[in-house]
Structure formats: C-alpha cells, structure tokens
Amino acid sequence: MLKIASQNPYLPYQAIIEDIKIETEDGNLKTFKLVLEREEDRDAWNHMPGQFAMLSIAGKGEIPIGIASSPTEKGYLLFTVNRAGVVTTALHKMDVGSPIGVRGPLGNGFPVDSALKGKNIVIIAGGFAFTTLRATLIYMLEHREDYGKITVIYGARTPGMLLYKKELEKWQKRDDLDVYITVDREAPGWNGLVGFVPTIAGQVKPSPENAAALICGPPIMIKFTMPPLEEVGWKDDQVYLSLENRMKCGIGICGHCNVGPVYVCKDGPVFTREQVQRLPVEF
Amino acid sequence: MSTINARIEQELKSIARELLDSKEIEAFIGYKKGSMPMTMTPFVARSIEDVEKLCWNSFCVLNLANYLPQVLRSFEPPRRPNEPPPEGPLPKVGIVVTGCWSRNIVVQIQENQIERDRIVIIGISSRGMIDKKKVYKMLNGHEVTSVEEKDNQLIVKGPDLYEEINRWDVVRDNCKTCVHPDPSIYDVLIGDLKGERQIRNRFSQVEEIEIKTPEERWNWFISEISSCIRCYACRNACPLCYCPTCFVDDSRPQWVGKSKDQVDTALFHILRAYHCAGRCTDCGSCESVCPMGIKMRILTKKLQKDVLELYNFEPGLSLDTPLPLSTYKLDDPQDFILTDIKMGDKK
Amino acid sequence: MTKVQEKDWEPKIIAFLCNWCSYAGADLAGVSRYQYPPSIRIIRVPCSGRVSPNMILDALKNGADGVLVSGCHPGDCHYISGNLYARRRFSLLKRFLEFIGIESDRVNFTWISASEGEQFAKVVSEITERVKRLGPASRLVKEF
Amino acid sequence: MKDFTISKSQFLDFLSEFKKEFDIYGPNETSKGFYDWVAIDQIEQFEIKQGLPKSSIKTFLFPQPEILFEFSANFKDPAAYRLKEPDFKEKKIILFGVRPCDARSISLNSMPYSEDTYFQKRLEQILVFGFLCKSVCSTCFCSWVGGSPVSMDGMDIAVFDLEDAYVLRPITKKGEELLNRAGLDEATDVEKEAFNRLVKENSNKNQSNTADILKSKDLFDLYNASFWQELSDACINCGTCTFLCPTCYCFDIQDEVLKGKGRRIRYWDSCMFPLFTLHASGHNPRGDKLKRVRNRFMHKLKYFPDRFGPISCVGCGRCIRECPVSIDIREVLRQMLET
C-alpha cells in the first residue's frame, strides 16, 4: 500500500461524484468520475495502473474496485462499476454531486515502471475486466518511448457491451498501437472482428520475444487464452493476471481474500501466471 | 463397556460391512470415537476398512440426519442448483438412526431434500443419549480423563477422581421426555422396539415458563441467550436447516445484524426456532452442541406443544400426513384473530 | 409512563394489508370519512400469505410499537388459500412471541374485507388504544 | 526490575485499588455455571482454578462489535453520510488470571494487526496479569506449538503461585510502572529463587520446532493430503472453534443504519461460513466444506508460519473441548507433520 488517508487505515478519503457515464447497452456498467474533496488529498493520492480502491458508501458498505484511470490523468479518478451486490446497486442509483468515500490506493498494480519497461506489451481483456488495463494502456501511451510494440486484444459479448467505445476508436486509429476489438457473435452494424478473445489471440499470434502479456477477464477466457499463447512460446512468468476475491479490509488483515498464503488485496491483485500456478485454486 | 451398546455396535458393523461389501450402498453414515471423553465424531464410512471405526454408545448426541442431504449429493454427478437430478438410479447411502433422527428423515423426505429409495436406514430404539454438560456439572469442574459406560451407570475417572454416576440422571432433557424412542422409518432394525413411552407431562419445562408474566418471560429469554456468540452451531447441527441461504446471511434485505447485539441475537433465536415449527422432532442436537450452554431447545419445544395443541400433529411419524405449515383446514382455530367480539371485551 | 407522556405519545403501528381486501377496506374507510387514529403506517402486500415473520420482527426491530397484519376473510382469498396458510403461521408466531415475553397486544391479526371500511377504522382505533396502554415498545427494538 | 510479593488473600483487594483507573476482569464461575471472564466487583472469592475461561482474551481486544466509524444518516444534516471516528473513551482494562497461552495470543495477533489502529489502541489500554501454569490440562498442548506453561510472552506482569503467596514479576514498562506505585513488598531472595526454579522446572524442555517442520513442508503436499476428506465429513461448519479461538482474528465489516444514525462496525467472522468468500457474482472460491475446513487449519499451521514465522495457535485447547463433533487440532497437526 502506498498511502492512506490518515493514521487510520479504514478511513476513506472524502470524494464527490463529478460525472457518471453509462458504458454498456444493458446499463449495468457505469463509469464514475470522482474528485477528492480536499486539495491535500488530491496531492497525496498516487496510484499505479492495476491498483484498486475501496469505494465506500456510508450506510451500505465498501467494495473493492479497480482504478480505471491512469495516474497520468490528474485531478480525478475513474471507476467502472458493474452492478452486482448491495453496494454497487446503491452506487448505480447515486447522482452526480453525491459524496462518496475512496480508500486506497490498495494492492500492488502492474509493474509498469520496472518489469514491463522496455518490453513489447500484449494486453488481452474480456468484458468489463478491461478497467485497470485501460489505466495501464493510457499510462503506457503517455510514456510511449518506454515500451516496445503494444498490442491490444479486447472482446465483449456484443458491440454494445464494449467499454470506453470512444477511446477504442481513437486507439484503433493510432499507428503505434495494434488494436483488435472483437465481439462474440455477428451483430448488425458491426464491421469488426467476430470471435472469442482466445480465438483472436490465436490468430494474432503475438510474439513472446522480449514481451509481457497482461490478461484480465473471466476465468474461462483466461483458461482458453493460455493454450494459443503457449503454442507460440509464451512462458508463465511473462503473463500477468489480476485476481479477484471477496475483500473487506483491503490491507491483508481480515482474512477474506486469502488464496493460500497470499492476500489478494495486499500481495496482489496482480500476479504472474507463474506465481498463480504455485497457489491453490481458491479465487 | 455397556453390554447393550456392545451388541448394537457389533450388529451395526456387520450390517454396514455387508451393505458396503455388496455395493448396495456407497457410504455409511455413523459415528466414530472422538478424542475427548464423552465425545463422538460423525463419520462417513466409505470402505469396508472404515467400518471398523464405527462405534455406538450413549454419547451420540448430534443428529446424523443432518449429514444425509449433503452426503447423498456428494455421490451425484455435479449439477447446477436448479438443474433436475440425472435420470436412472443414483448411488445409495446407509445411515444409523434412533427415533428422533428417523423422524427427521421423514421430514426431509416430505420436504424433497432426500429420496427414500436412496437411503438404507438402520434403526435403533433409543435408550436416551447422555448430556455431558450434566456430567461435568456433577463433577464440579474436575477434569475428566476417561468415562466408561455400563448399561445403567457411567464410571468417570480423572486425576484424583473416581465417580459412579447413574446413567438416567445424566440423560438429556429431550430424551427424558421423549415419547417415541422407536424409529418411525427403517429398513433394518437392531434390537427390539420399545413402543410409545408414557410420560406424565412432556411439556412441563415449557409450562414452567408459560405461567410467568410477560416481563419475567422476556427476562428469562434474554438472560438465556445473553451468552450467545453467534457461532450458529445450533443452526448447523440441525437436520432441518438446509436452506442454501439462511435468513441470517440474507443481505437484501438484511433481517438480522451480525454482531453480538441483544436484539439481533434475540431475532436470530426467535426465527431459527420458528423455522422449525411443525418440523422439529426434539432431537436436542442444537442444545447439545451449543458451546455456551444455551438451552434453546425449550423454544422449539414450545412450538412443538402448540402444533400438537392446535393441529394435533407430530412431525415425522408418517410420510403421508402433510407438515402442518404446508397445509390448512378451513376450520383451523383462529382465537388470535381480532374480531368484533374480542374488541368489545377490554382486557 | 407518566400521564403527560401518555397523552403526547402517539404509537407507530405498521400495518401489512393485503391488496385485495384489507387495503381496499382501508381505502373505503378513507373515502367514507371514518375517523381513526393517525398511528398507522400501511404497507400493501399481495396477500396476507406473503407476510413472513421476518417482516413482522423487522418492523418491531426498527421501532414499531405495534404490528397489524390483515387479510381477506377465510374463504375469500384472491389466491384461494393464502390467508389460510397465513393463519396457521401467525397462530404459531403469536403464541411464540408471547412465550418469549412480547406483549400479546403488540402483534395483531385480523380479517377485513373490501366492504368493511368502518370495521377497519374500528380495528385501528382498538389496536392503537391497546398499544397505547402498553406504552412504547422496547423489547425487540434495536438501539445504538 | 524488582519482583514483588503479596499474600493470596490480599490479591483481590490490591487489584480493587485500581478500580478508579481500570475496568478489572478475571476468570470466575459465572451465573451461567461455567468459568468465564467476570468483572472484579462480581467476584467474591477469587481462586485461580486449573483450566481456562470459556471465552478467549480476544473478547477484550476485538470487541463484538468494534465501531469503526459513526455517521449521521439524516439527509437534512450537512455532514450526513460522512464517516467520523468515534471518540475512544474506553477505560483502561486490567485482566488478571490470564494464562500463558492466552497472553501469547496477543503477541501472535499483533503480527498481522501491526497497522490496525483500533487493535493497537485497545492493546495500549490493556494490562495483562499473566498467571503461569504449574500443571496442564488434558487438552493443553502449548508446548507443541511454540509456547510453554510458563511462557511470559504477551504479559505485562507475570504471577507465580507459591502456595501461600503470589510473586509478581514485571515484564513490560507498563507492568513495572503499575507495580512500583502499588506499595507492595519486594519479594525475598528465597521467593525470587523459587519463582526462577519453578519457571525452569516447568518450562518446555523438549521445545519442539513444529513451526519449522511445517514451513519446510511443500504447500501442495499438505493441501492435497487425503486426511482432509474424513476431517471435513464430520465438520458442521459452525463458528465455535473460530469464535472461541484466541488467534482466529478474521473479521467482517458492515454498515448499519437505524433511525437517522449510522455506524460502520467490524465483527468476528469465520472462514467456516460459506458467506466468507462468496463473490457478488455468486461464485464461491471455497464453496465446499472441505475447502473451508482445510483453509482454517492451513491458515493456522502453514500459511501463517510461512508469512510470519510462528504457528497461529497457542495450544489452549478450547476448540478441542467445545467442538460439536470433536475435531481435534492436535490430530490435524500430527497428520500434517506426517505428510
């Protein structure tokens, strides 16, 4: 953990919802733009792509959500939230201007300034797991010279379920970036790729040479993405995954998120596949 | 060792061995010895070698019917919660039961938790199980290192302790007031049936509370549950508590707060007991497993009394009589309904 | 409770009324301008059979001084037998709550049909008076 | 530091003098008929018995519930729904009659809780009078897991029973400061010597290196061992073991709102409950009973040692005594060591 609001590690920063954007056609995913209220908090806030924070709604509780904005986007934080449980449902009902708590940043994040530097990067994402990878991609584009070739493979069930559509379009136009956007099935008005993410990954055949892959998505997608990558020579220690588990404290005490000896909240959420293979399958 | 129990144990082992050997059943649910005196560990025997560990004595206080749904399920091919079971005969499981446990099996069958044709029931007419808390109370906190059970007495030994205790003095309250010690449903019987027991007043414990004032009753209730640590052992030891999500774990809405609050604890005990209304067979598992010695059985006993009074029903005696809360009669008693007449007479 | 408090205090009573009879009965009471105390807070439910003990206890936990559940008369249920199942359930619940020391008049059950507006007003007055006699609820009320 | 002495009959009176400053608790027979923590005012005759109070010392360090924050839930309030820390005005606590196993749990729990301000605050407030053991119960196994009947770890003051008197030895600054102002007689050389001798005689001679052996084991060998099946067959997944255990420290956090007031509380949770790991999506990483049972023991005996060094068990034996189905952690430990 980098910094906390005060001595008390359970006290969130006070923030305001500045903007809400509905991301998907089913309305179940919204991106919340939050601004920390106090200037000193804004100055103190410092996160890395891949980290998460606890969003706190007094009276409802807290939920761990990956930070979707890059640290290079100053002054605000983005969180793309799927409506699933008590807190996320309450959050989805909130309006612009509502107060909200943010506790974090928590977890380790992707090693963008260390292990990933100078590497060719392959980002593979499925569904709404794209959030922290968006943060990572934006960060890398801001520091474009630090990385080699960047490839993005992103898929969703339907065109309407894709996140960050405007940005996707922009990225597709860039020539320093290979972007493959795919949807599961043919859809009216869709001229792009069709097929599951693993299939597309198999067609793209990214080279493992001096490269790292960052994969986020449903477990089933990750499972089927590995074989085509392994086929072209990818090793487990080149692949970075972001795990999810039920979390309460976010600082490795409460015991909810442990996978064997590691705490996803404190030691993770980002692990290399090699590290994950050494853990029991309890996530 | 008790000669009666020794004989039962012998017979139990040979029946279980035969059933497993002939592949009629995949597993047999029984008891093995626990590590402490007067404790037993429920045990699923899956092989003939396992059968040797099976054990029978008067300390088998936890209702084995509790394990039946999950053990049966463990032998089914995996499926989603609402998916129907696969076609064709599924593996069978054997279980040893006393009177109350067998009645729970009947209730479980009636509530579609288990299928009759998938269980082989070995019935034993119960002589009453022993409440180890009563034994410890008699010994005034002395440490016990071994307890030997004879037919009618217990021989308790410890560092500078040798005590002979009359068995019936330490039998559980629910067993003392039990009317149906015989299994109501079984495939194989060990020993003889005893028939219905004549009890002068099986609800005397409840009546002692009923005659108190509301204030006294409330104080009794609150003081009884005050030591509850919310470990839910009472719930989990109950063969009737099989809901996939217990009301305690509901979050939308959350009925019961989770910390040690007096009202939340009270609500938990009220609703837990109430959920057993018309289904509880007074097996005493809940009370036996409570680490804090709460006598919550009296709550379900009260409900049992009311069900008997109002609907003349006792759960688990027959597969054909529907459970009282899943049926109705047009002329059910309704004294509690506020009517014109009752509004006239001011209390 | 002192005399003054008793005069000032108006109990809060949560009423679960079935959509088809009792709620219409309450409506009729209003339309017909029958007077009854403002102590009642109505929650409309599809059927008295929909009311689970959880709801009644939740009302008490959140500070209701009394609870009323009302459905169609036996035989009149829109769903044929919802109120008959409910009758068995509430019968046991009421006795059980009394057993653990909840005053008998806190939790009340009645049948009111769509035509019984006057009866509804009478029931509310009666229950309010009974709850007033008991004073504010405290036993199952959560505080922090 | 000086040792002090006090006659047994005066011990309660001596403690009672601190009543203004401290809430004082010790083990005694409760009205419920079992041995548990009782406020000193309710203790008429204090006699330290063999055996442990039913609940562990964590009752004082992890109150049920701990109020993390309070807030107003009234929309008209300008500060509505803003969390604020509750005023911590709790009185200091003296615990006496604390056995070495319970005392040791404090230092074990301090490892994961080093950053937890609430725990640390409570820890500062508590002064532990530890009573060393001269004999052990049949369920005690402190010496298997790195403790000993005369371990003074986690105590502020260690007390040894010399038949006619207690010898009090300050262990921490906090303990020394209290004893220095108590006006007690200094222990004689004979008494001091007796204390030292008894400690030596009772300390664990064949101190086992259980934690090191467990650490050297392969995680997957233990994880995939066959004994978990039979163990979990019996378990009913209640929270008895976790809630009575002094070193089970997991918690859950929840918000409660009532009549315009709200609070964020934390309360004991148990890895035995299916809800513990349930995701909002419905997926449950430890949905099977076997996985949950295994996690509890693996956490105590493997994961914790791997992370922090010692075993997260103090050998008090409460779980052995109270488990509804008589699951014995000593047996689990033995099986893990044999794997």
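**Exercise 1. Work out which residues of chains B and C meet, and which elements of chain B do the touching.**

Step 1. Start with the head count: 34 residues of chain B are in contact with 34 residues of chain C. Contact here takes two residues whose C-beta atoms, placed from the backbone, lie within 7 Å. Before going on, note that this is a predicted model, where local features need pLDDT of at least 70, side-chain atom pairs count only at pLDDT 80 or more, and totals for chains, interfaces and linings use all residues. Residues are numbered from 1 along each chain as its sequence is written, with chains lettered from A and ligands numbered from 1 in the order in which they are written.

Step 2. Now list the elements. On the side of chain B that touches chain C, those giving two or more residues are helices H7 (204-210), H8 (214-225), H10 (262-275) and H12 (297-311), plus strand S9 (337-338).

Step 3. Pick the top contributor: H10(B) gives the most, with seven residues.

Step 4. Sort that side of chain B by class, and you get 25 nonpolar, one polar and eight charged residues. For the sorting, Ala, Val, Leu, Ile, Met, Phe, Trp, Tyr, Cys and Pro count as nonpolar, Asp, Glu, Lys and Arg as charged, and the others, Gly among them, as polar.

Step 5. Look for strand pairing across the two chains, which takes at least two DSSP bridges between the strands. S9(B) and strand S4 (residues 107-111) of chain C run parallel and are joined by two bridges. Ile337(B) has Phe109(C) as its bridge partner in S4(C).

**Exercise 2. Describe how the two domains of chain B meet.**

Step 1. Find the bounds, which come from an automatic or database domain assignment: domain 1 covers 3-127 + 180-190, and domain 2 covers 204-340.

Step 2. Take the centres over C-alpha atoms; they're 26 Å apart.

Step 3. Count the residues in the contact: 18 from domain 1 of chain B and 19 from domain 2 of chain B.

Step 4. On the domain 1 side, helix H4 (residues 99-110) of chain B gives the most, with nine residues. By class, that side has 10 nonpolar, seven polar and one charged residues.

**Exercise 3. Characterise the fold of chain C.**

Step 1. Read off the elements: chain C has five helices and four strands, and from the N terminus on they run α-β-α-β-α-β-α-β-α.

Step 2. Check the radius of gyration, taken over C-alpha atoms, against the globule rule of 2.2 Å times the number of residues to the power 0.38. Chain C comes out at 15 Å, close to the 15 Å the rule gives for 144 residues, so it's as compact as a globular protein of that length.

Step 3. Box it: along the principal axes, the C-alpha atoms fill roughly 45 × 35 × 25 Å.

Step 4. Look inside. Buried residues make up 56% of the 144 residues in chain C; buried takes 20 or more other C-beta atoms within 10 Å of a residue's own, with C-beta atoms placed from the backbone.

Step 5. Check the sequence range: of the contacts in chain C with a separation of 6 or more, 82% are between residues 24 or more positions apart.

**Exercise 4. Trace the parallel strands S8, S9 and S10 of chain A.**

Step 1. Strand S8 (residues 150-156) and strand S9 (residues 178-183) of chain A run parallel, joined by six bridges. Within this pairing, Ile153(A) has Tyr180(A) as its partner in S9(A).

Step 2. Follow the chain from S8(A) through helix H4 (residues 165-173) of chain A to S9(A), a right-handed β-α-β crossover. Right-handed says that, with the strands pointing away from the viewer, the path from the first strand over the helix to the second runs clockwise.

Step 3. Move on to strand S10 (residues 193-194) of chain A, which pairs with S9(A) in the parallel sense over two bridges. Opposite Val183(A) stands Val194(A).

Methods:
A residue is buried if 20 or more other C-beta atoms lie within 10 Å of its own, exposed if 12 or fewer, and partly exposed in between; C-beta atoms are placed from the backbone.
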